[in-house]
Amino acid sequence: MSRLILKVAIDAPLRHLFDYLPHFNQPPPAPGCRVRVPFGRRGQVGLVVAHADHADVPDAQLRHIHEAIDDAPLFGAPLLELLRRAADYYHAPPGEVLVGTLPGLLRAGRPAREQVDWQWRLSDTAPAPDTLGRAPRQAELLRALAVGPQAQSALPVGSAAVLRTLLDKGWVVREPRDASTRQDPAPPAAPALTSAQRAAVEAVLAASGFGAFLLDGVTGSGKTEVYLSAIEAVLATGRQALVLVPEISLTPQTEARFRARFGQAVAVLHSGLPDGERLAAWLAARSGRARVLIGTRSAVFTPLPALGLIVVDEEHDASYKQQDGFRYHARDMAVLRARIEDVPVLLGSATPSLESLAHGRVGQYRTVHLRERAGSARLPRLELLDVRHQRMSGLVSPALAAAVREELVAGRQAMLFLNRRGYAPVLLCHACGWVPKCQRCDAHYTLHRTRQVLLCHHCGGERPLPPSCAECASGDLLPLGAGTERIEADITALFPEHTVLRVDRDSTRRRGALDAHLSAVRDGRADILVGTQMLAKGHHFPAVTLVGILDADQGLFAADFRASERLAQTIYQVAGRCGRGTQPGRVLIQTHQPQHPVLHALLQGGYGVFAQQLLKEREAAGWPPFTHLALLRAEAPGAQEALWFLGETLSLAAELGHAGVTLLGPVPAPMPKRAGRFRAQLLLQADRRAPLHALLRSWLPAVAQLPAARKVRWSLDVDPIDTY
Ligand code: ADP
Ligand code: ZN
Ligand code: ZN
């Protein structure tokens with residue numbers, strides 16, 4: 001007997017779909033619809049992925065779904081295909097991908113209906129109310145609407161039936177409330193594109209169907225104008241655009257520019273939004289009411305029925321990589337989606353990732369360059385400042401202090417960058433050498449003086465600042481080294497007559513604080529900015545003419561093979577914040593290693609030349625993008641379990657055979673103990689993707705079956721960007 005089985009994805013860490021029978025007296029829900037199913041004690045919301053004619057479980061275990069939630073699929077076939085391929089590529093549990101990427105309220109079973117605020121207005125054929133003496137209620141409503149459109153709630157109670165009558169007669173019109181009441185202000189005049197910008201826009205628009213473009217344009221070269229222009233053309237053909245940005249809250253200016261240009265056609269989606277707003281943006285994209293969707297990484301999985309273009313801004317940014325749960329890379333998903341939907345994708349950066357540069361080299365991506373800044377702005381000059389033997393004020397050399405003073409005297413702004421927050425990374429007892437350490441991590445506490453706490457930057461643990469040494473009771477506790485809080489204090493002491501503003505995660509914790517800080521900089525209410533990575537993100541501060549990079553050496557000694565790439569990107573992104581106005585900019589990089597080949601190469605050739613050199617090194621050393629990695633991580637409360645477990649997975653791989661894949665490890669993670677758990681890892685490396693994925697396909701299900709797998713927390717990371 002043939003019957004219908006529903007293959008359902010459920011957000012659980014299990015690597016398969018679940019079989020259910022349809023409801024007794026409901027039509028079977030189509031693939032893409034949510035269903036409520038019996039699962040565990042409380043039931044679950046799942047997503048139908050496919051229909052089948054046989055079940056993988058015995059009949060006795062087959063159960064009926066409780067109910068279908070949606071009467072139409074949440075998204076069309078291309079997005080379902082993207083999610084399926086993503087689960088396959090990352091070897092992720094299907095439910096984590098198909099259900100886990102939905103907005104929280106949809107995961108909870110909320111109806112996928114747009115809450116449209118309706119209003120009523122008179123049509124052109126509406127008669128004068130006085131001619132309707134025989135229908136006083138109709139006349140009353142026509143009179144109420146004669147003054148202008150009204151929300152249904154503003155009309156007399158009980159008018160719904162009468163309104164329907166009027167609608168049938170064609171005398172009134174029902175429309176979404178925001179359509180006519182809120183008029184967009186006229187968009188600001190767009191600048192005439194430079195010829196390089198025009199060439200970039202034309203290249204993208206000329207693509208028929210899929211095409212991947214790398215927009216390699218120096219900071220301030222007008223990449224955003226290229227996006228805006230290309231999107232405008234796409235919207236004019238009735239299609240939608242998806243714009244991915246790294247961290248929307250850090251660059252409110254970008255969002256503002258899109259809103260200024262496209263008004264209410266823009267919807268924004270990121271994890272900082274309240275659940276209701278997230279759902280509303282998702283639904284507006286799905287219904288097509290939103291024409292431009294701007295969002296952070298998970299927005300790549302939003303349904304857009306008329307998708308015509310995908311833009312990935314700052315494509316090199318590490319925040320595109322999801323680092324827990326379903327570990328995907330949103331840039332790579334954007335390219336895959338563009339391929340599936342057969343539309344162009346535009347990846348922009350001043351410091352492209354080596355992956356994208358490598359794709360450009362072999363012609364998989366077409367590279368378009370913007371080599372000069374737009375308008376009258378010039379690129380800043382980069383100089384190394386040898387700080388050996390210098391009498392430093394904290395981390396600031398006399399030469400840097402003098403340069404800052406020069407800018408301030410001229411009424412301009414300076415920016416000092418240090419990628420370490422807090423006051424000092426170590427607190428030390430001057431009497432006996434005691435150093436307070438986090439009990440849960442292999443790490444020292446960072447001193448946060450404003451809050452008077454010791455904070456572990458790895459597990460978030462904190463404790464009050466001790467008044468004296470825990471070992472010898474001496475009160476002589478010395479902060480060692482410096483973070484942004486200390487730089488702020490040092491700079492305030494050096495320039496007491498000037499306003500110093502610190503921008504880091506601590507100083508911007510309150511809602512709205514970052515916006516307030518950024519506008520203080522733009523309005524000239526701050527003279528010197530001190531900050532972390534947050535300052536490196538796409539901001540436009542026209543009066544900043546000097547950037548000081550306080551400690552470039554930090555990046556020279558990191559263990560990760562991506563360290564040089566990251567250092568170069570950070571230096572060029574921070575440098576890119578200066579000289580964006582009419583005055584030229586200057587970048588001073590403090591170092592104790594003025595002869596270091598990395599710094600030299602970087603300053604001599606610029607990012608592009610340096611990156612090509614890094615690619616050669618990666619190729620020689622057999623690192624990505626020339627080889628492919630997957631990292632199996634494990635952690636457990638005891639010191640050895642994670643290593644034992646990984647040892648067993650290694651034996652499994654040996655049994656299965658792993659031709660073409662090298663397994664390295666298991667080894668303890670570079671920081672073995674973190675948040676009270678001991679961590680270890682096993683690295684898989686392959687010249688070609690096919691054998692790696694073939695191994696993962698047969699190996700992971702067996703790994704999941706190991707008895708030891710239940711005693712550790714483990715996860716697989718395909719294309720990891722951090723190998724620790
Ligand atoms: P990017 O995104 O590459 O950093 P933006 O698009 O933010 O660059 O442009 C930097 C500045 O130059 C902005 O103030 C922008 O308005 C201006 N700009 C961009 N394109 C042009 C142009 N063609 N003519 C004049 N000004 C431009
Ligand atoms: Zn002591
Ligand atoms: Zn800790």
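This is a predicted model: local features need pLDDT of at least 70, side-chain atom pairs count only at pLDDT 80 or more; totals for chains, interfaces and linings use all residues.
The four donor atoms around the zinc ion (ligand 3) subtend angles of 105 to 113°, so the arrangement comes out as tetrahedral. The donors are the SG atoms of C438, C441, C456 and C459, which sit at 2.2 to 2.4 Å from the metal. Along the chain these donor residues follow the spacing C-x2-C-x14-C-x2-C. C438 belongs to the loop between β18 (426-429) and β19 (446-448), while C459 belongs to the loop between β20 (453-455) and β21 (462-464), so this pair ties together parts that lie 21 residues apart in sequence. The two residues also come with their own accessibility values: C438 counts as buried because its relative accessibility is 5%, whereas C459, at 22%, counts as partly exposed.

On to the remaining cysteine results. A disulfide is a covalent bond between the sulfur atoms of two cysteines. Searching the whole structure turns up zero of them. C432 is partly exposed, with 40% relative accessible area, and C472 is likewise partly exposed, at 34% relative accessibility.

In soluble globular proteins, nonpolar side chains tend to be buried together. Here the largest nonpolar core has 124 residues, and F645, L684 and W699 are the ones that touch the most other members. Helix α17 (residues 597-621) gives the most to this core, putting in nine residues. As for F645, once its neighbours within four places in sequence are set aside, the contacts are A634, V703, L706, A708, A709, V712 and W714. Another core lies apart from the largest one; this one has 29 residues, including A200, Y227, V245 and V292.

At the other end of the numbering, strand β1 (residues 5-10) is mostly covered, with six of its six residues buried. I5, K7 and A9 point one way from β1, L6, V8 and I10 point the other way, and all are buried.

Technical notes:
Residues are numbered from 1 along each chain as its sequence is written. Chains are lettered from A and ligands numbered from 1 in the order in which they are written. Side-chain values use heavy atoms; hydrogens and water are left out. A disulfide is a pair of cysteine sulfur atoms within 2.5 Å. Buried means under 20% relative accessible area, exposed over 50%, partly exposed in between (1.4 Å probe, protein chains only). Donors are N, O and S atoms within 2.8 Å of the metal (3.2 Å for Na, K and Ca); water is not among the atoms, so sites may look incomplete. Four donors count as tetrahedral if all angles lie between 85 and 135 degrees; four count as square planar and six as octahedral if opposite donors are over 155 degrees apart and all others between 65 and 115; anything else is irregular. Helices (H or I, at least four residues) and strands (E, at least two) are DSSP runs, numbered from the N terminus. A nonpolar core is a set of buried Ala, Val, Leu, Ile, Met, Phe, Trp, Tyr and Cys residues joined through side-chain atoms within 4.5 Å. Contact means heavy atoms within 4.5 Å.
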